[in-house]
Amino acid sequence: MFIGISPNTISNTTGGGFSPKDISGIQIWFKSDIGVLDGSGNPITVNNTTVGTWKDQSGNGYDATQATDANRPFYRTASNGQNNQLLNNRHLNNPPHNP
């Protein structure tokens with residue numbers, strides 16, 4: 001699954017062969033299976049690891065981050081093999097940007 005956001009479009013789709021460049025004006029693209037990093041910047045592969053950064057895949061560099069460990073969401077792998085983050089009232093921050 002991915003979530004892509006452009007000034008005029010919010011998309012949520014599954015499947016292969018898609019690129020964020022397919023959405024005109026895309027600003028942010030987060031994939032649950034790529035660019036999910038712990039607080040040290042290492043890729044997460046173990047459940048219950050806190051997520052420090054979720055890398056923007058759009059190419060614009062709008063990574064979602066959380067510097068405070070107590071506020072970081074937990075990484076979880078769903079039963080269908082997809083990677084998911086369980087927020088539990090925790091959050092990542094995204095830097096301001098102007099579309």
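These legends go with close-up views of one predicted model.

**View 1. The protein chain as a whole is built from strands, with zero helices.**
Welcome to the overview: the protein chain has eight strands, and its elements follow one another from the N terminus as β-β-β-β-β-β-β-β. Of the 99 residues in the protein chain, 33% are buried. Among contacts with a separation of 6 or more, 46% join residues 24 or more positions apart.

**View 2. Three strands form an open sheet in the order S4-S5-S6.**
Pairing in this sheet is antiparallel. Strand S4 (36-37) and strand S6 (64-65) are the edge strands, each pairing on one side only.

**View 3. S4 meets strand S5 (residues 53-54) through two bridges.**
Moving in on this pair, you will find that S4 and S5 run antiparallel. Look for Leu37, which stands opposite Thr53 in S5.

**View 4. Gln27 sits in a loop between two strands.**
Is Gln27 buried or exposed here? Its relative accessible area is 14%, so Gln27 counts as buried, the cut-off being under 20%.

**View 5. The side chain of Gln27 and the backbone of Gly25 come together in a polar contact.**
Staying with Gln27, follow its side chain to a polar atom that lies 3.2 Å from the backbone oxygen of Gly25.

Definitions and conventions
Residues numbered from 1 in each chain as written. Predicted model: local features only at pLDDT ≥ 70, side-chain atom pairs only at ≥ 80, totals over all residues. Heavy atoms only, no water. Helix = DSSP H or I, 4+ residues; strand = E, 2+ residues; numbered from the N terminus. Buried < 20%, exposed > 50% of the residue type's maximum accessible area, 1.4 Å probe, protein only. Polar contact = N/O pair within 3.5 Å; in protein donor to acceptor, adjacent residues only side chain to side chain. Pairing = 2+ DSSP bridges. Contact = heavy atoms within 4.5 Å.
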